[in-house]
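I opened this model to learn my way around it. These are my notes, in the order I looked things up.

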Amino acid sequence: MTERALRLGTRRSKLAMAQSGHVADAVRQLTGRPVELVEITTYGDTSREHLAQIGGTGVFVAALRDALLAGEVDFAVHSLKDLPTTQHPELVLAAIPKREDPRDVLIAPEGVTLGRLPKGARVGTGSPRRMAQLHAYARSHGLEITCVPIRGNVDTRVGYVHSGELDAVVLAAAGLNRIGGTAELIGSLSLDHLSVDSVLPAPGQGALAIECPASDAELVATLAALDDPFTRAAVTAERSLLAALEAGCSAPVGALADLLADDPGHGQVVTEMRLRGVVGTTDGSTLVQLSTTGPVPTSHDEAMALGRELADEMLAKGAAGLMGERAL
């Protein structure tokens, strides 16, 4: 008898469907069972408000979690950066697969890069984190730019540049990579992958989260085979930083944990993890940017401690006053 199909809960957007499709393929290969995608509309998908206004944290997640808890789906796929930092008590983060490119990318007319934006350039992004760092970069390089809040799917955002309504937009590189067809979407426009030295990504950017009920021990164990321990350690440290700053995912916080090899040319022996964090005012006038390096965490608690340590240093440098969401 054929086993019942596993039901994978996903948002309806083109990107979410592509991400969930990749996971579904991996689970089919892993289990030999059919996997069907169950499309779920979230509040973040239907609201036309900017993410910073509706709180950001969890707006793309709550409906998927409700479906999991109601038994309507067996597991769900989220963009990790959309997940609240507090884990739901009845659900478990069964797997965090190997991370895609965590960087942001600037899409602009041919030949235009971040450093060559025209005077007064209108740059589209709905992210306070990007606004803070783009404005700070512009200030330090003698550029004049205006960040314009935008929403919508990847096609819509890129369309603003094609139409000339905006001079550039900034998106996550991972999203572009996952939906495929980038050449057709971008056309004659230029892609400038932004150095993390200039613009740190959102905590967890580029990583997916596969969540299921904690009560389904068999499924938890099965999905664990898709987990990448280095990615999990990195994003756990980043999200610990975010949580310790008491900031939601719409706050102007960037973080990235890098794995450092002691001899990159021969065998990639990973010995240390570097965690970088940034908090800034959205006009870019003030940034608190620090980093810390330590042994690669070998447990959840060690990764959490790395994030908290850097957060404490950032708070001591004045980070608290730069975040509108922090409850003082």
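**Entry 1: Ala16.** I began with Ala16, which counts as buried because its relative accessibility is 8%; buried means under 20% relative accessible area, exposed over 50%, and partly exposed in between, with a 1.4 Å probe and protein chains only. This is a predicted model, where local features need pLDDT of at least 70, side-chain atom pairs count only at pLDDT 80 or more, and totals for chains, interfaces and linings use all residues. Residues are numbered from 1 along each chain as its sequence is written, and side-chain values use heavy atoms, with hydrogens and water left out.

I found Ala16 in helix α1, residues 14-31. Helices (H or I, at least four residues) and strands (E, at least two) are DSSP runs, numbered from the N terminus. I then listed the contacts of Ala16, leaving aside neighbours within four places in sequence: they are Thr10 and Arg11. Contact here means heavy atoms within 4.5 Å. I also checked Ile179, which is 163 residues from Ala16 along the chain. Their C-alpha atoms are separated by 8.7 Å.

**Entry 2: the whole chain.** I stepped back for an overview. The chain has eleven helices and 13 strands. Of its 328 residues, 52% count as buried. I looked at contacts between residues at least 6 apart in sequence, and 71% of them join residues at least 24 apart.

Entry 3: I picked two residues here. Asp104 counts as buried because its relative accessibility is 0%. Which side chains make polar contacts with that of Asp104? I noted Arg129 at 2.9 Å and Gln205 at 2.8 Å. A polar contact is a pair of N or O atoms within 3.5 Å; within protein, one must be able to donate a hydrogen and the other to accept it, and residues adjacent in sequence count only if both atoms are side-chain atoms. Beyond four places in sequence, Asp104 is in contact with residues including Arg130, Val170, Asp192 and His193.

Ile107 counts as buried because its relative accessibility is also 0%.

**Entry 4: helix α6.** I moved to α6, residues 154-162, where Val154, Arg157, Val158 and Val161 are buried. Seen down the axis of α6, the buried residues fall within an arc of 95°, so they line one face of the helix. The arc is that of the directions from the helix axis to the C-beta atoms. I asked what these residues pack against. The partners are β5 (104-108), β8 (168-172), α7 (173-179) and α8 (182-186).

Asn153 caps the N-terminal end of α6, with a side-chain oxygen 3.2 Å from the backbone nitrogen of Asp155. Just after α6, Gly164 takes a positive phi of about 85°.

**Entry 5: helix α4.** Just after α4, Gly71 takes a positive phi of about 80°.

**Entry 6: nonpolar cores.** I looked up the largest nonpolar core, which has 20 residues. Such a core is a set of buried Ala, Val, Leu, Ile, Met, Phe, Trp, Tyr and Cys residues joined through side-chain atoms within 4.5 Å. Those with the most contacts inside it include Leu241, Leu245, Val253 and Met273. I noted that α10 (229-244), β11 (253-261), β12 (270-280) and α11 (300-316) each supply at least two residues of this core. Helix α10 gives the most, with five. A second, separate core of 18 residues includes Ala108, Leu114, Ala121 and Val123.
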